[in-house]
Amino acid sequence: MSQHPDSNDNLTSTPTTDEQTLIDVDTASADVDDNQSTPAADKHIRIVNTFMKRRTHMNKNAELALTAPEFADYLVNNSFGDGDLTGIHDLRALFADSPNGSDAPLTLEIGFGLGDSFIEMAAAEPARNFVGIEVHEPGIGKCAYMAGTQGLRNVKIINGDAIQLLKQLPENHIDRIQLYFPDPWQKKRHYKRRFVSPERMAIVARSLTQGGWFHAATDWEHYAFWMLDVLDNFASLTNQAGTGNFIDRPDFRPMTKFERRGIARGHGVWDLIYSKD
């Protein structure tokens, strides 16, 4: 789950909280040019990043989980590296040797931050498999540490770009995709970086099973209505609350301490759930 600093009312003095300010791909600054280095043949292709990767302190538990063999089973790829996704083409296969097996319901969370709510959800639904993708190494480590100390067998963690991962997965593969409190990219010139766009939602919808869910939540009103407009006009997805409506926070999405604090200060929170037709 991603939790960004709120410019209207900073809930924390640090750039990241127990949730994530990240979504997809590494970038050094919110104001960098949108061009990335590409092979010569593709030098005119523009790759627009959807998050800003922030360097923050890693505590000892997180570092232990990234290095100790007892946590290795939770970490699918190079947690300290550049998020190489080579060879990850089937999320269900990651659970083939787990108690649930590969056919259990599957949830993918994009940008789980430090993993508190992600792990709470996994613990609450032991018969469902959960995969989280993140690029923030302290968050990856903390999440793995919590999963290990709770003995969860239904959690896998991937380091890397969520869109790239979705592109290389099979169609009709995931039952639920979650995007909680993504970076809202408030400045108009950065709207193109917002994760919810027609182009990215085509990739998301492709990966969902028939009847599968895309669930997003945000505490930025402009982004909430932006998502509502994009998703209501996306042909293969149906708003579970009806066109033009948001849904009440479902019981399975934990309310974070930052969300509670924001609500107490009068901030809104908007949830959207869309099912694939």
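Start at Glu259. Leave aside its neighbours within four places in sequence, and Glu259 is in contact with Phe181, Arg249, Arg253, Pro254 and Val269. The model on your screen is a predicted one. Glu259 sits in helix α7, residues 257–264. Is Glu259 buried or exposed? Its relative accessibility is 4%, so Glu259 counts as buried.

Phe181 is one of the contacts of Glu259. Find Phe181 in the loop between β4 (174–180) and α5. Its relative accessible area is 1%, under the 20% limit, so Phe181 is buried. Now check the backbone. Phi of Phe181 is near 55 degrees, a positive value in a residue other than glycine.

Stay in the loop between β4 and α5 and select Trp185. Trp185 counts as buried, at 3% relative accessibility.

Colour by secondary structure. The chain has 7 helices and 7 strands. Trace the elements from the N terminus and the order reads α-β-α-β-α-β-α-β-α-β-α-β-α-β. Of the 277 residues in the chain, 54% are buried. Consider contacts in the chain between residues at least 6 apart in sequence: 77% of these join residues at least 24 apart.

**Select α5, residues 198–207**

Show the side chains of α5. Arg200, Met201, Ile203, Val204, Ala205 and Ser207 are buried here. What do the buried residues of α5 pack against? Their partners are α4 (162–167), β4, β5, α6, β6 and β7.

**Select α6, residues 221–232**

Helix α6 is among the partners of the buried residues of α5. First put a distance between the end C-alpha atoms of α6: they are 16 Å apart. With 12 residues at 1.5 Å a residue, α6 should span 16 Å, which agrees. Next, pick out the buried residues of α6: Tyr223, Ala224, Met227, Leu228, Val230 and Leu231. An α-helix has 3.6 residues a turn, so residues three or four places apart point the same way.

**Select α2 and α3**

Now turn to helix pairs. The angle between the axes and the distance between the axes describe two packed helices. Take α2 (residues 116–124) with α3 (residues 137–149). They pack at about 25 degrees, and their axes are 9 Å apart. An angle under 35 degrees counts as roughly parallel, and α2 and α3 are therefore roughly parallel to each other. Their crossing is right-handed.

Zoom in on the contact. From α2 come Asp116, Phe118 and Ile119; they meet Lys142, Cys143, Met146 and Ala147 of α3. How many residues of each class does the contact of α2 with α3 have? There are 5 nonpolar and 2 charged residues, and no polar ones.

Helices α1 and α3 pack at about 80 degrees, with 7 Å between their axes. That makes α1 roughly perpendicular to α3. On the α1 side, select Asn61, Ala62, Leu64, Ala65 and Leu66. On the α3 side, select Glu137, Pro138, Ile140, Gly141, Lys142, Ala144 and Tyr145, which these α1 residues meet. By class, this contact of α1 with α3 divides into 8 nonpolar, 2 polar and 2 charged residues. Lys142 of α3 also meets α2.

**Follow the loop out of α1**

The last stops are in the loop between α1 (60–67) and β1 (106–110). Select Thr86, which lies in this loop. Thr86 has a relative accessible area of 67%, so Thr86 is exposed. Draw a line from the C-alpha atom of Thr86 to that of Leu165: the two residues are 79 apart along the chain, and the atoms are separated by 9.2 Å.

Finish at Ala104, in the loop between α1 and β1. Ala104 is buried, with a relative accessible area of 7%. Leaving aside neighbours within four places in sequence, Ala104 is in contact with Arg92, Ala127, Asn129 and Asp175. Where does Ala127 lie relative to Ala104? Ala127 is 23 residues away in sequence and 6.9 Å away in space, C-alpha to C-alpha.

How values were computed. Residues are numbered from 1 along each chain as its sequence is written. This is a predicted model: local features need pLDDT of at least 70, side-chain atom pairs count only at pLDDT 80 or more; totals for chains, interfaces and linings use all residues. Side-chain values use heavy atoms; hydrogens and water are left out. Axes are lines fitted to C-alpha atoms, for helices over the stretch in contact, and angles run from 0 to 180 degrees between N-to-C directions. Helices (H or I, at least four residues) and strands (E, at least two) are DSSP runs, numbered from the N terminus. Angles under 35 degrees count as roughly parallel, over 145 as roughly antiparallel, 65 to 115 as roughly perpendicular and the rest as oblique. A crossing is left-handed if the near helix is turned anticlockwise from the far one by less than a right angle, and right-handed if clockwise. Contact means heavy atoms within 4.5 Å. Ala, Val, Leu, Ile, Met, Phe, Trp, Tyr, Cys and Pro count as nonpolar, Asp, Glu, Lys and Arg as charged, and the others, Gly among them, as polar. The expected span of a helix is 1.5 Å times one less than its number of residues. Buried means under 20% relative accessible area, exposed over 50%, partly exposed in between (1.4 Å probe, protein chains only).
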